[in-house]
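Here is my note on the model, point by point. Please keep the structure open as you read.

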Amino acid sequence: MSAREGWITFAATLAAFLMLSAIFFLLLGKPPLEMGLSLVEFAFGDAYSLSETLAKASPILFCALAVAVPGRLGLISVGAEGQLYIGAITGTALVLGFPELPPLAMIPLMLAAAALGGAAWGLVPGLLRARLDINETIVTLILNYCAVLFASALVFGPWRDPANQGWPATAPFPPAAVPPAVDGKVHLGLLIGVLLALALHVFFTRGRAAVHIRILAGNRKVGRTFGLDFAFWVTALMATGGAIAGIGGIIEVAAIQGRLQPSISLGYGLTGFLVSWLARHRPLVILPIALLVGGLLAGSDALQLFAKVPAASATILEGLLFATALAVPGLIARWRRSDGN
Amino acid sequence: MIMDREPLVRFEHLTRRFGELAAVSDVSLDIRAGEVLALLGENGAGKSTLMKLLYGIHPPSAGRILLDGRESPIRGPADAMRNGIGMVFQHFSLLPALSVRDNLLAAWPATPAYIGRRSKRAARVLDRLSVIAPDIDPERRVDTLSVGEQQLVELCKVVNLEARVVILDEPTSVLTPAEAQRLYDFVLRLAAEGRAVVLITHKLADVEACADRIAVMRGGMLVADFAKGERTTAETVALMMGRPAATAEPAPDRFAGRPARLVLREITASAAGHVLKGISLEIAGGEVLGIAGVAGNGQTLLAEVVAGVEAPSGGDVLLDGESIARRGDEPHATPIGYIPEQPRDNAVVETMDLSANLRLRALAAGEADGAYDVAALIRRFNIAPSEPTRRAGTLSGGNLQKLVAARELGVPRPAVLACYPTMGLDLGAVGTVYEAMFAQAAAGAAVLWISEDLDDLLARAHRIAVMRGGAIVALVENDGTLTRDRLGAFMTGAPAEAAA
Ligand SMILES: Nc1ncnc2c1ncn2[C@@H]1O[C@H](COP(=O)(O)OP(=O)(O)OP(=O)(O)O)[C@@H](O)[C@H]1O
Ligand SMILES: [Mg+2]
């Protein structure tokens, strides 16, 4: 696709999304233009809105990168959600186990524990795929349920803080475990996410590993003939993806929620999955899309509060965005085809 | 021949561009019922693309297609099938994990939602199979079939559609002479039933056997369209190539008798329904050893073991005394030049460009790729279109085969393993590939050459081994006294003494 065609597709997608959202607001009996403008305002209008948006974008960014990493090898992982939960659990375990650590040690160790947990959760489907050729999509899907239920079991059971009087959650994190933040919710995690995206971009576009992964993604058998190790890369990339989601999980817990609760994620895993596929697993494209989707979620949250639109609006608008983004390029291609190129 | 009737299909000034490139350019051609039209032309001439326009895979950029005199309503393969047009592609579309029977059922429009194992209706899809390929057991999984057998199942699938127009894209390139003969009979029967058959081919034998009319394409354009017999074979070849055919047939130098370089020692292996039962062969540097055999007798597995794609369960492969067999799942890069069958699946990365595909071995090994002069390889093997930045997946079937040959034969190799290396190539390219293969031998490589084409083997190999049932059943010196019939007898299992 040439740059010009890219822009045409982008503009058409945006226009289609705006039209569909307008119809949605009309159906709710709200003035579409006003709603749209407030949405943008609530998402990006001032420092506070922006920080809300960034807070929502952060876990989406981590989950999208977690899907993109194995995605570059042609694997379809839907496991970001579960890996996020496991990262949150192992990270929390460290904090609960060593609450006295100084901040300089606490945060790196907490992140490392989360990364290890997430990596282990990604390693399982990775090994099953590499050694036994078991479909990674199914395994990651199943492991999501295990992780979410495991987190619930912990906070309803052994990890419940008695001080909560029955409320299922751990004790609040000590201040040393809360990542530094500039403006309320603009925290260290976001910086880590952006740096990770940049590093992954370099890794996947430059150097020998990048070529090996491209060859294996394009034709596994050819890679095998010329000595490339599919099993190694499946395992390594699945584990790396898991580690990234795991870091995203503990950051969400430590920076936003302050303690481990049964529901850490508002479907960030699935949203991240869609973002990664929209970006075709390109980290630099994931960055703006994650921001956009974060803005949409934050904006519609605020809209719900101030304009009395239903709570489901955020999900519906998000769905409209993904549907148009996936459908419009195909429709354009088809229209071009029947137009005789 | 029915010349006076309204044509079933009429192309009017048809053009199809891919970016700058006009794959089909201003073609006007009729396809008539009851007639076999042979569509000839060099690799990349636009034959497959022209037929894909009719089948609705690509829409034309200009011009129109008339079906029964009306503008064709076909927008995709499903439309094509509804309108009675069936196509067997150069690259197959069978589901490898399903049985032959299930593949045929899945493609049959009249298949009910539920069908039992012994259903009478299910049996009907197998009727044609028993005519075209009586030897294929319908319960076998498709991934255990040889390429030629898959080709026949594809054909059966299309014929089951009761298509009025049957398009066959290079159907005989992977068939044994016996299979090809059955295909000819079948094609003639289809035409006699009043169907139109389009036969895309590079083999003049196909044209001889069943064509009524011949259309020749070159560089996207239709350069001739005439009834068979109106022109001589030499004229037809000249039309295809744009020049008279070269007369020199490439053959390797006489074999001087050097020590063994590539040694296969007691190889046993099993995979996907095939077995190797202790295969031993020694190929000397400079020698061209042909392996003849009906496809599906273990050749594919043997090739993959020798090339280190599959691990043998016993025995060894030695190159200059060192083992080059794969052990377990450890990464293993083959040191020998290797042209596998079905290059689109087994030898190229379609998502990468020509240049990367030509340098693939160096890229995978992480070495400097100085040995691969991409521009020179493209020129020498006449790969078209020739831009090194073009995506390999957009090449025509023959040009893809040339790409693999260029990579594997274009730089010096200690040994070469070539499986059907000229499959789908036009006459000019066949010469180039053979020349390159024999140049490797002349430079001291041990060449192992798997083929079904007995005439080619007899004309060119120094020695010929015959494979049947996963074993070498004969190994004979090709000293000029060897005949097709004797080889054929080995292949089909006549007693071995017949050779002595
Ligand atoms: N999808 C595509 N995108 C770009 N170029 C294409 C595409 N399909 C075909 N081409 C180009 O169109 C030309 C004609 O290709 P086509 O496959 O029709 O050749 P062909 O006559 O069937 O050759 P062969 O004998 O090798 O099969 C080639 O140069 C090919 O590279
Ligand atoms: Mg073709």
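1. Helices are DSSP runs of H or I with at least four residues, strands are runs of E with at least two, and both are numbered from the N terminus.

2. A word on the ground rules. This is a predicted model: local features need pLDDT of at least 70, side-chain atom pairs count only at pLDDT 80 or more, and totals for chains, interfaces and linings use all residues. Residues are numbered from 1 along each chain as its sequence is written, chains are lettered from A and ligands numbered from 1 in the order in which they are written, and side-chain values use heavy atoms, with hydrogens and water left out.

3. Is helix 14 of chain B buried or exposed? Twelve of its 13 residues are buried, so the rest of the structure largely encloses this helix. Among them are G398(B), L403(B), R407(B) and L409(B). Buried means under 20% relative accessible area, exposed over 50%, and partly exposed in between (1.4 Å probe, protein chains only).

4. Now take chain B as a whole. It has 17 helices and 20 strands. Its radius of gyration is 23 Å; a compact globule of 500 residues would have one near 23 Å, so the value agrees. That radius is taken over C-alpha atoms, and the globule rule is 2.2 Å times the number of residues to the power 0.38. The C-alpha atoms fill a box of roughly 70 × 55 × 45 Å along the principal axes. Buried residues make up 57% of the 500.

5. Look at contacts in chain B. Of those with a separation of 6 or more, 68% join residues 24 or more positions apart. Contact means heavy atoms within 4.5 Å.

6. Turn to V309(A). It sits in the loop between helix 12 (283-307) and helix 13 (313-338) of chain A. With a relative accessible area of 3%, V309(A) is buried. Leaving out residues up to four places away in sequence, V309(A) touches L28(A), K30(A), M35(A), L303(A) and Q304(A). F25(A) is 284 residues away along the chain, yet its C-alpha atom is 8.7 Å from that of V309(A).

7. Finally, A47(A). This residue belongs to helix 3 (residues 47-71) of chain A. At 52% relative accessibility, A47(A) counts as exposed. R214(A) is 167 residues from A47(A) in sequence and 41 Å from it in space, C-alpha to C-alpha.
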